[in-house]
Amino acid sequence: MNTKRRNILNHLKLFILFLLLSFCTAGVRFPFLQSETVITAEAASVPGLQAKITEKNILKLLKKYDSDGAYIMNTQIKNGADILSWFQEGSTIFSSIDTAVHEETHGYSYLMEKDGKAAYFIGNKKTIYVPYTTVYRSREMAATIPSRLQTFRYSTYVGDPDPNMASDVDGIYGLLNEFMAYRAGMNTTLELYDYLTDQNAGWDMWAIFINQSENDMQAYAEFKYYILHYLYYAKKNYPDIYKGIINNQQFCKAYKKLESSYAKLIRQYQKDLKKLQTWYANKGYTLTIRNSTISLTNTSHRTITISRFYTTYQKLQKELSKSRYTKLHQKLLAGAG
């Protein structure tokens, strides 16, 4: 695994920060917080929510619910990766699986590079190989990103990245790599929706599901914006670099596949929230979904609330709706052939 091309600790720190920012409670304990013990016979055939964190249990869970995650993890294990390193002491398989798949997708991507071509995993055991073209460092265009669009990931990936951060030194190819990894993590989280319902999960696990999905949803808008803004800056300042990327059919193909499947995941997440609302209503609870928060109220009218980053996602989406970006997006789609 090419550790020079990514900063694992920064990603973990960002995710921990996201969780800390997301939780806000009324300071009381709720009887519905913990996962319930009654589960279906189907659920008993896979590791439970508190199962021991082992390679066998992780692979068994992914094999049942997420074929993409299982493919990445199996490939990485066969190539000597220590997938357990992403699972912290005191955590559960589910609470760390999004990060684990995200990081091992990076590892898979760098492992599969060949003949000077980047490797982008797009799902269904498929990888697109993309020749590198000349780039400029992403931090150069970062200065033109307005402060109102500088999210908590901005400094790490483009604004003030570590010297060997791939999203900086590999330019748009590194940005697409991050886009790919966040997409993979979100796919795993959403694929495990049925796992949580099968296990009759409590709010402790559903809050993790929501936070991970919110994190990955925001990353979709962030990195799509960084990719298109990178092109916009190149078009104005480095026309040869711009032409090299736009004319790179394999890059356009990888972008098209990743962007469309990632957008589909976000639509699925919105549907899952509605399904979860109904699931809790059948238990006598009220799940309230707002743009800024999601709250659960029990039968005693006590409420626990988590903050969302949906408004930031909307703000970035609004920026992406500007013609300068929609035209570049369409140009990439057209370039995919």
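## Aromatic pairs

Tyr310 and Tyr313 are both buried (under 20% relative accessible area, with exposed over 50% and partly exposed in between, for a 1.4 Å probe and protein chains only). This is a predicted model, in which local features need pLDDT of at least 70 and side-chain atom pairs pLDDT 80 or more, while totals for chains, interfaces and linings use all residues. Residues are numbered from 1 along each chain as its sequence is written, and side-chain values use heavy atoms, without hydrogens and water.

Rings of Phe, Tyr and Trp (its six-membered ring) pair if their centres lie within 6.5 Å; planes under 30 degrees apart count as stacked, over 60 as edge-to-face and the rest as tilted. By this rule there are 29 aromatic pairs. Phe179 and Tyr262 make a tilted pair, with 4.9 Å between centres and 55° between planes. Phe179 belongs to helix α8 and Tyr262 to helix α12 (residues 249-281), so the pair ties together parts 83 residues apart in sequence. Helices (H or I, at least four residues) and strands (E, at least two) are DSSP runs, numbered from the N terminus. Phe179 counts as buried because its relative accessibility is 0%, and Tyr262 counts as buried at 0% too.

Tyr310 and Tyr313 form a stacked pair, 5.6 Å centre to centre with 25° between the planes. Both lie in helix α13 (residues 310-320), 3 residues apart, about one turn of the helix.

## Aromatic cluster and charges over rings

One aromatic cluster is formed by Tyr193, Trp203, Trp206, Phe209, Tyr269, Trp279, Tyr280 and Tyr285. Lys283 lies over the face of Trp279, 4.5 Å from the ring centre (NZ of Lys or CZ of Arg within 6 Å of the ring centre and within 35 degrees of the ring normal). The charged end of Lys114 sits over the ring of Tyr129, at 4.6 Å from its centre.

## Helix α3

The 12 residues of helix α3 (residues 67-78) should span 16 Å at 1.5 Å a residue, and the end C-alpha atoms are 16 Å apart, which agrees; the expected span is 1.5 Å times one less than the number of residues. Asp68, Gly69, Ala70, Ile72, Met73, Thr75 and Gln76 of α3 are buried. The buried residues of α3 pack against α2 (55-65), α4, β2 (117-123) and α8 (171-191).

## Asp98

Asp98 is part of helix α4 (residues 93-112). Leaving out residues up to four places away in sequence, Asp98 touches Gly185, Met186, Thr189, Gln212 and Asp216 (heavy atoms within 4.5 Å).
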